[in-house]
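The sequence and structure are shown first.

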Amino acid sequence: MRDLSALQVESFLEMMSAERGAATNTLQSYERDLEDVKSFLNARGVRLTEAAPDDLRAYLGHLAKQGFAASSQARRLSALRQFFKFLYGEGLRGDDPTAILDAPKKARSLPKTLSVDDVTRLITRAETEAGEPGGNLLLKRRMHLLVELLYATGMRVSELVSLPGSVLAQTGRFLVVKGKGNKERLVPLSRAAVTAMEAYGEALAAEIGDDPATGDFLFPAQSKEGHLPRQVFARDLKALAGRAGIRAATLSPHVLRHAFASHLLQNGADLRAVQELLGHQDISTTQIYTHVLEERLHALVQNHHPLAKQAKKTD
């Protein structure tokens, strides 16, 4: 029986062009992907238009063995889904073999972070500038406080910039943060963060001529939101990084949040405790940091297990 796969691929591409308005690059990509699948299946003695789910799973497995990234595999599967949906819609097949196929899982990338030394350099630079005469004292103290708070608490940048002015009136070393879904959590403050907040509060009071604790925001600004925009903070943070000798491209407010979590875990913190501090509703979100735990546990065994100690002595 004649293999009509090539003709049906051509019909599919014509439909995508005429009815969906697909761009030339998209059509070429679909054509290349389907031709690759067809060649693989032909080698197995299977026609593209007659492929079963197991045949297509074998193709995706072949791509994985060839080293294709999950994103590339997902793109090929997307082309197949569109093609077999077309065949089913045209009555050329009575089923869609891609309907029960799972998309390849993308590996979750590890979060970017900073070393303890880099964070120390960053905060030290902000503190030094906040204590230097000249320039805009309020802005320098604001930056110092922002960095201290972010690293001390691991807050999301949106939570940080929208903190209320009433924070300045509180006593003690704990802060109530309102996170996603208006869910509140308690986070501890470092002594350095408390000191930076007192210094910033003084500068803000001198600037506005009123009690800043009665204001809507801790970091008021002439913006649509009424507080410091997170984009402005991110820009200023990169500038601070450059002055501290840290490559600006490696730094963002989110990177400091990751540094907070990673450094806690490296120093023995429990994963559940870090979950609470970060405001993650699901522990699976926090598990991106398990690589830190694995490194710590490996070092723990190497340094404290009797057999590991004995092996070191014989080396």
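## Strands, cores and composition

In strand β2 (residues 184-188), Arg185 and Val187 form the covered face, whereas Glu184, Leu186 and Pro188 lie on the uncovered one. In a regular strand the side chains alternate between the two faces of the sheet. The model is predicted: local features need pLDDT of at least 70 and side-chain atom pairs pLDDT 80 or more, while totals for chains, interfaces and linings use all residues. Residues are numbered from 1 along each chain, and side-chain values use heavy atoms, without hydrogens and water.

Strand β2 pairs with β1 (residues 174-178) in the antiparallel sense over five bridges; pairing requires at least two DSSP bridges. Val177 has Arg185 as its bridge partner in β2. Five residues separate the strands of this hairpin, and Gly181 there takes a positive phi near 65°. Helices (H or I, at least four residues) and strands (E, at least two) are DSSP runs numbered from the N terminus.

A nonpolar core joins buried (under 20% relative accessible area, 1.4 Å probe, protein chains only) Ala, Val, Leu, Ile, Met, Phe, Trp, Tyr and Cys residues through side-chain atoms within 4.5 Å.

| Core | Residues | Members, among them |
|---|---|---|
| Largest | 51 residues | Leu122, Leu149, Leu160, Phe219, Phe233 and Leu256 |
| Second, separate | 27 residues | Leu41, Leu77, Ala79 and Phe84 |

Phe219 of the largest core touches residues including Arg142, Leu149, Tyr200 and His227 (heavy atoms within 4.5 Å).

Overall, the protein contains 14 helices and two strands, and 40% of its 315 residues count as buried.

Notes. Buried means under 20% relative accessible area, exposed over 50%, partly exposed in between (1.4 Å probe, protein chains only). Lists of a residue's contacts leave out its neighbours within four places in sequence.
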